[in-house]
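Have the sequence to hand while you read.

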Amino acid sequence: MWNVIKSVLAAFFGVQKEERRREDFAKGRPGPFIVVGVVMGIVLVVLIALVASLAAK
């Protein structure tokens, strides 16, 4: 699971290596990547909203 999280984080920031991406597509099932990606997307939106609301005070 840690490998999935690291891979999704790297993809979020656009720094994933081509070799790692190919390995993920060849060996990994899409389900865990989708779930982790959606959860991290939600966390990112919540963090941005929190920072924006704190900055607006």
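Let's settle one term before anything else: buried means under 20% relative accessible area, exposed means over 50%, and partly exposed is in between, using a 1.4 Å probe and protein chains only.

A word on ground rules. This is a predicted model, where local features need pLDDT of at least 70 and side-chain atom pairs count only at pLDDT 80 or more, while totals for chains, interfaces and linings use all residues. Residues are numbered from 1 along each chain as its sequence is written, and side-chain values use heavy atoms, with hydrogens and water left out.

**Salt bridges**

Side chains of opposite charge can pair when their charged atoms come close. Here a salt bridge is a side-chain nitrogen of Lys or Arg within 4 Å of a carboxyl oxygen of Asp or Glu, and that rule gives a count of four. The table shows some of them.

| Pair | N to O distance |
|---|---|
| Arg-22 and Glu-18 | 3.2 Å |
| Glu-23 and Arg-20 | 3.4 Å |
| Asp-24 and Arg-20 | 3.7 Å |

Helices (H or I, at least four residues) and strands (E, at least two) are DSSP runs, numbered from the N terminus. Arg-22 and Glu-18 are both in helix H2, four residues apart, or about one turn of the helix. Arg-22 is exposed, with 56% relative accessible area, whereas Glu-18 is partly exposed at 40%.

Arg-20 turns up in two rows of the table. Glu-23 sits three residues from Arg-20 in helix H2, so about one helical turn separates them. Glu-23 counts as partly exposed, at 34% relative accessibility. Asp-24 and Arg-20 are four residues apart in helix H2, again about one helical turn. Is Asp-24 buried or exposed? Asp-24 counts as buried, because its relative accessibility is 12%. Salt bridges that share partners also join Glu-18, Arg-21 and Arg-22 into one network.

**The largest pocket**

Asp-24 comes back in the lining of the largest pocket, alongside Ser-7, Val-8, Ala-11, Gln-16, Arg-21, Phe-25, Gly-28, Arg-29, Pro-30, Phe-33 and Gly-37. Helix H1 (2–13), helix H2 (18–27) and helix H3 (30–55) each give two or more residues to that lining. On a 1 Å grid over the protein atoms alone, a pocket is an open set of points where a 1.4 Å probe fits, with protein on both sides within 12 Å along at least five of seven lines; lining residues have an atom within 4 Å of a point. The volume, meaning the space filled by probe spheres set on the points, is about 200 Å³. The lining splits into five nonpolar, four polar and three charged residues. Ala, Val, Leu, Ile, Met, Phe, Trp, Tyr, Cys and Pro count as nonpolar, Asp, Glu, Lys and Arg as charged, and the others, Gly among them, as polar.

**A nonpolar patch**

On the surface, Leu-9, Phe-12, Phe-13, Val-15, Leu-44 and Ile-48 form a nonpolar patch with about 610 Å² of accessible area together. Such patches take residues with over 30% relative accessible area and no salt bridge, joining nonpolar side chains (Val, Leu, Ile, Met, Phe, Trp, Tyr) within 5 Å. Areas come from the Shrake-Rupley method with a 1.4 Å probe. H1 gives the most to this patch, three residues. Val-15 is in the loop between H1 and H2 and counts as exposed, at 59% relative accessibility.

How values were computed. Patch = residues over 30% accessible without salt bridge, like charges linked within 9 Å, V, L, I, M, F, W, Y side chains within 5 Å.
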